[in-house]
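Me: Hi! Could you walk me through this protein model piece by piece?
Reply: Happy to, let's have a look together.

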Amino acid sequence: MSEAVIRPAVTSPGLLASLDPLLREWLPRQRWFAGKGRPVTGFSQVAAVELLPWNAKLGLLHLLVRAHQPLAPTHGALPHPGDCYQLLIGVRETLPPHLAPALIGHPEEGPLAGRTVYEALHDPRAADLLLEALRTRTQVGGLRFERDTRQELQDDLVPRVVTAEQSNSSIVYGDTFILKLLRRILPGINPDLELPLALAREDCPRVPAPAGWMVADLDAETYVLGVLQRFVPGATDGWDLALRELAKGEDFSGEARALGRATAEVHTALSRALPTVTLGHTQMDMLVDGMIERLEAAVQAVPALRPYAPGLRSAFDALAELAAEGETWTAQRIHGDLHLGQCLRDPAGDWSLIDFEGEPSKPLAERRLPQPTARDVAGMLRSFDYAAHSGQPLVADWADVCRAAYCTGYAEVSGRDPRSEPVLLRAYETDKAIYEVVYEARHRPDWLPVPLAAVHRLAGGAAAS
């Protein structure tokens with residue numbers, strides 16, 4: 001199979017035109033498509049590589065395409081080139097029954113006319129090829145498949161695609177490795193590879209070390225396309241575990257405390273591996289200004305926030321006042337989007353942190369900025385609150401107990417209790433709750449009462465506890 005992945009880049013000018021009408025229908029339906037609510041008006045090809053020749057019995061195309069859409073109202077008049085997406089397109093004459101759910105369509109014109117195209121990640125042969133390319137460190141066109149040669153990549157691992165909805169796509173190989181393929185592609189160093197590599201150098205056991213990675217070198221820019229890491233067999237993600245224990249009426253404070261310790265271990269290792277900075281008056285003013293801008297935009301988008309706006313603003317003003325008085329804070333690299341769903345507990349009871357991509361909606365450069373660790377802590381505190389409100393009926397004080405236990409565990413490792421900086425923690429938790437209100441109003445209106453309850457509490461001036 002290694003011979004099949006050394007073909008030259010695709011040069012057929014009609015390739016994308018052949019796929020265009022099908023992708024306009026298929027792409028917006030994908031969970032990972034970022035431009036929902038706006039029609040796709042066209043595509044432009046960023047890169048195309050034949051991993052298997054498209055005119056053979058089984059073809060496999062690796063595409064980077066830019067989807068063009070009308071500007072969202074929040075973009076104002078600023079130009080936007082369109083988001084770039086990574087696609088793996090399988091090409092066959094007809095699909096076998098087990099691949100029917102992966103169908104994209106049947107091109108009517110161009111080089112693919114008369115063939116059937118489909119989402120290739122569901123095809124074991126295509127998934128095998130990706131692992132083989134990583135194992136053999138293949139280079140094809142602008143694609144590079146790299147690996148950590150200290151880790152053995154077996155060539156007989158059975159692949160299966162992860163069907164749970166997520167913002168990217170993943171393939172598990174024999175309960176040994178998991179390949180996460182990024183869908184919305186940006187140029188530059190991606191923290192989803194950068195931070196696990198840095199933590200591996202520190203021998204941090206809380207994050208699976210990368211075993212391989214896919215990158216594209218295009219126009220003097222590097223795009224991270226995928227990361228292969230050790231799979232944690234039998235693991236349960238923190239969100240599912242919390243809901244399960246909550247439904248049974250079981251105490252979750254011990255797990256929350258252990259998770260706090262694991263978070264602090266990761267933060268401590270990141271502070272050793274990568275530079276830290278001190279945030280003074282000027283830097284904190286910029287940080288607070290960003291929080292206030294997000295609040296003002298959220299009030300415009302969700303009128304239900306309007307009565308709470310002055311109280312929410314007070315959380316940010318209090319942080320600005322401390323900075324004006326000369327207080328400083330340490331900033332470092334952090335997870336950036338930490339919540340219960342980004343944590344795994346293995347059967348032995350040990351916690352791991354995963355998915356270091358950060359908030360996908362934010363620019364890559366912003367996601368790589370050093371930030372106070374309180375941002376990660378605030379994200380987890382909000383996640384406990386969400387879990388508590390998912391229970392039927394609501395379990396009184398469950399979130400408060402978990403939040404306190406998490407902070408206690410964090411302090412046991414770091415030597416610093418997040419609750420000792422209540423103004424900073426309240427500001428970050430307020431900023432997160434405002435983001436949640438906007439998200440739920442747009443995507444899950446039934447969930448809107450959850451962040452609004454937090455907004456009510458935070459606007460009253462209560463520090464996070």
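**A chat about sheets, domains and cavities**

Reply: Let's begin with an open sheet of 3 strands, ordered β14-β17-β18, with antiparallel pairing. Strands here are DSSP runs (E, at least two residues) and helices are runs of H or I with at least four residues, numbered from the N terminus. Two strands pair if DSSP finds at least two bridges between them.

Me: Which strands stand at the edges, and why is one side of each left without a neighbour?
Reply: Those are β14 (236-237) and β18 (351-353); each has a single partner strand, so one side of each has no neighbour in the sheet.

Me: Wait, what kind of model is this?
Reply: This is a predicted model, where local features need pLDDT of at least 70 and side-chain atom pairs count only at pLDDT 80 or more, while totals for chains, interfaces and linings use all residues. Residues are numbered from 1 along each chain as its sequence is written, and side-chain values use heavy atoms, with hydrogens and water left out.

Me: Thanks. How many bridges pair β17 and β18?
Reply: Strand β17 (residues 343-345) pairs with β18 over 3 bridges, in the antiparallel sense. Leu344 has Ser352 in β18 as its bridge partner.

Me: Which helix packs on that sheet?
Reply: Helix α5 (residues 253-273) does, touching β17 and β18, and its direction makes about 45° with that of β18. Contact means heavy atoms within 4.5 Å. For the angle, axes are lines fitted to C-alpha atoms, for helices over the stretch in contact, and angles between N-to-C directions run from 0 to 180 degrees.

Me: What is the strand order in the open sheet of 7 strands?
Reply: The order is β6-β7-β12-β13-β10-β9-β8, and the pairing is antiparallel. At the edges stand β6 (139-140) and β8 (159-161), each with a single partner strand, so one side of each lacks a neighbour in the sheet.

Me: How many bridges are there between β12 and β13?
Reply: β12 pairs with strand β13 (residues 221-230) over 8 bridges, in the antiparallel sense. Gly212 is found opposite Leu228 in β13.

Me: What does α2 touch on the sheet?
Reply: Helix α2 (residues 124-135) packs on the sheet and touches β7 (143-147), β8, β9 (169-173), β10 (177-181), β12 and β13; its direction makes about 70° with that of β7. Helix α3 (residues 191-201) packs on the sheet too, touching β10, β12 and β13, and its direction makes about 140° with that of β12.

Me: And what pairs with β5?
Reply: Strand β3 (residues 83-92) pairs with strand β5 (residues 116-119) over 4 antiparallel bridges, and Ile89 has Glu119 in β5 as its bridge partner. Strand β4 (residues 103-105) is joined to β5 by 2 bridges and runs antiparallel to β5, with Gly105 opposite Val117.

Me: New topic! What domains does the assignment give?
Reply: The domain assignment gives domain 1 (1-231) and domain 2 (236-460); such bounds come from an automatic or database assignment. Their centres, taken over C-alpha atoms, are 31 Å apart. In terms of contact, 24 residues of domain 1 meet 25 residues of domain 2.

Me: How many cavities of 30 Å³ or more are there?
Reply: There are 2 cavities of 30 Å³ or more. On a 1 Å grid over the protein atoms alone, a cavity is a set of points where a 1.4 Å probe fits but cannot get out; a pocket is an open set with protein on both sides within 12 Å along at least five of seven lines, and lining residues have an atom within 4 Å of a point. Grid points are joined across faces, edges and corners, and a volume is the space filled by probe spheres set on the points.

Me: What about the largest cavity, which element gives the most to its lining?
Reply: β1 does, with 3 residues. The largest cavity holds about 50 Å³ of space, and its lining includes His62 and Gly142.

Me: And which domains supply the lining of the second largest cavity?
Reply: Domain 1 and domain 2 each supply at least three residues. The space in the second largest cavity is about 40 Å³, and Arg184, Glu357 and Arg367 are among the lining residues.
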